[in-house]
Amino acid sequence: MATEVTAHSLFSSSCSGLLDNVVLQHDNGLITSISPAPPSATGPRSLILPAFVNAHDHARPTASSFGALGMPLESWILRSALGTPVDPYLTAASALARSARAGCAAMMVHYTRPSGTMPLVEEAKAIARAASDVGIRIAFALAVRDQNPVVYGDSEPVLSQLSSDDRRAIEELFVRAPMSPKGLYRTHGCHRLGHRRSQGRCAARPRGRAMVLKTAA
């Protein structure tokens, strides 16, 4: 449905800058025209901006959901591994929806902690489906950690002070031999193959009411 939005100012581009007193017309998420409008003498002033981009997110619950709001990362990140995994789709959908409500139409998802409740390729598909359902574009990057699994440096001084049971639990959770470059390449190939078979994309595109209003060609 065609809609008009009148604005006192509209940020057009880095070249054109601000346009004053304009009316923006869009239809089904697509900008169809931007034209001059008479100045409005009543009502609040308004500014139209392009949608924001969330450049760093992990698509996971907020820290307040497990009592860690405002606390240093190191004080809760290891403990979070012991919690019951949340459904990856629901977790991502809630995180993506928070960004969408804040005005973001795209997000960089740095996926550092897979849930382990399903194969990694299936989990990536669930994140892409959540992005599509919310209506937000994402770039999806899996974290690869091949050093310093416990602390920022040599783990031995810390591990050596733990009891044998505690040390074994920490090592089973976090200390693993790094994957070889060949293994990384093979994993990446399977990931791409899985998405081709499902006709999905890591860079999920919104559907329905697009958050990004793109200028018509």
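A residue counts as buried when its relative accessible area is under 20%. Keep that cut-off in mind during this tour of a predicted model.

**Whole chain**

Start with the protein chain in cartoon view. It has six helices and eight strands. Followed along the sequence, these come in the pattern β-β-β-β-β-α-α-β-α-β-α-α-α-β. The chain has 217 residues, and buried ones make up 26% of them. Of the contacts between residues at least 6 apart in sequence, 68% join residues at least 24 apart.

Next, select strands E5 (52–57), E6 (104–111) and E7 (137–142). Together they form an open sheet in the order E5-E6-E7, and the pairing is parallel. E5 and E7 are the edge strands, each with a single partner strand, so one side of each has no neighbour in the sheet. Direction ignored, neighbouring strands here are turned by 10 degrees against each other on average.

Zoom in on E6 and E7. These two strands run parallel and are joined by six bridges. To follow the pairing residue by residue, pick Met108, whose bridge partner in E7 is Ala139. Then pick Val109; its bridge partner in E7 is Phe140.

H2 lies across E5, E6 and E7, and runs at about 140 degrees to E6. H3 lies across E6 and E7, running at about 160 degrees to E7. Now hide everything but E6, H3 and E7: what is left is a right-handed β-α-β unit.

Nonpolar side chains tend to be buried together in soluble globular proteins. Show side chains for Leu96, Val109 and Ile138, the residues with the most contacts inside the largest nonpolar core, which has 16 residues.

Another core, of five residues, lies apart from the largest one; select Ala7, Val22, Leu24 and Ile31, which are among its members.

**The aromatic pair**

Last, select Tyr111 and Phe140. How are the two rings arranged? They form a tilted aromatic pair, 5.4 Å centre to centre with 40 degrees between the planes. The count for this structure comes to one aromatic pair. Tyr111 lies in strand E6 and Phe140 in strand E7, so the pair ties together parts that are 29 residues apart in sequence.

Are these two residues buried or exposed? Tyr111 has a relative accessible area of 5% and is buried. Phe140 stands at 16% relative accessibility, which is under the 20% cut-off, so Phe140 counts as buried too.

Methods: Residues numbered from 1 in each chain as written. Predicted model: local features only at pLDDT ≥ 70, side-chain atom pairs only at ≥ 80, totals over all residues. Heavy atoms only, no water. Core = buried A, V, L, I, M, F, W, Y, C linked by side-chain atoms within 4.5 Å. Buried < 20%, exposed > 50% of the residue type's maximum accessible area, 1.4 Å probe, protein only. Helix = DSSP H or I, 4+ residues; strand = E, 2+ residues; numbered from the N terminus. Pairing = 2+ DSSP bridges. Right-handed = clockwise from strand over helix to strand, strands pointing away. Axes fitted to C-alpha atoms, helices over the stretch in contact; angles between N-to-C directions. Contact = heavy atoms within 4.5 Å. Phe/Tyr/Trp six-rings, centres within 6.5 Å; stacked < 30°, edge-to-face > 60°.
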